[in-house]
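Work through the following exercises with the sequence and the model side by side. Try each task before you read its solution.

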Amino acid sequence: MMKNEIWWWSLIPLLFVALFLLNLYVFSGEHKGKALYTRYCASCHGDQGEGLRQLIPPLNASDFVQKHPGRIACIIRYGMQGEVVVNGKTFNQPMPANPQLSEVEIANIVNYVLTAWDNDLPDRSPAQIKKDLQQCKE
């Protein structure tokens, strides 16, 4: 009986390590960004950021995202009206605002978009996102 008890106790450190690693994955910024993107953005921009025909611009391999990474936070928070040209195509579908999202949630989405799929842009720090949001035109 004593050997069985010792064997179970030896699994406890392994269990803690497994829970720690799972916690790192579940609560990492990339995972949160992907989950938030899926919830708030993917229904229009697509799971792979491919956009929707001539209605919704792509975010994957988007020249707009590459040229204006500082504007993405504003567009997420306040939406966007009017024409935008992305990869040589004109889009004119309004994007709704997401004022309920916190700065941290917006930062997670922005950084997910900047690094997901074929995008390979540098992350924006929380300080940069805060500055981006302060410079928005409401």
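Helices (H or I, at least four residues) and strands (E, at least two) are DSSP runs, numbered from the N terminus. This is a predicted model, in which local features need pLDDT of at least 70 and side-chain atom pairs count only at pLDDT 80 or more, while totals for chains, interfaces and linings use all residues. Residues are numbered from 1 along each chain as its sequence is written, and side-chain values use heavy atoms, with hydrogens and water left out.

**Exercise 1.** Find where Asn119 is located, and decide whether Asn119 is buried or exposed.

Solution. Begin with the chain: Asn119 sits in the loop between H6 and H7. Next, recall that buried means under 20% relative accessible area, exposed over 50%, and partly exposed in between (1.4 Å probe, protein chains only). Asn119 has 4% relative accessibility and therefore counts as buried. Finally, look at its surroundings, where contact means heavy atoms within 4.5 Å: leaving out residues up to four places away in sequence, Asn119 touches Leu59, Asn60, Ala61, Ser62, Val113 and Leu114.

**Exercise 2.** Classify Ala97 by its accessibility, and list what Ala97 is in contact with beyond its neighbours within four places in sequence.

Solution. Ala97 belongs to the loop between strand E2 (89–91) and H6. Its relative accessibility is 38%, so Ala97 counts as partly exposed. Beyond its neighbours within four places in sequence, Ala97 is in contact with Ile76, Arg77, Tyr78 and Gly79. For Arg77, which is 20 residues apart from Ala97 along the chain, the C-alpha atoms of the two are separated by 5.4 Å.
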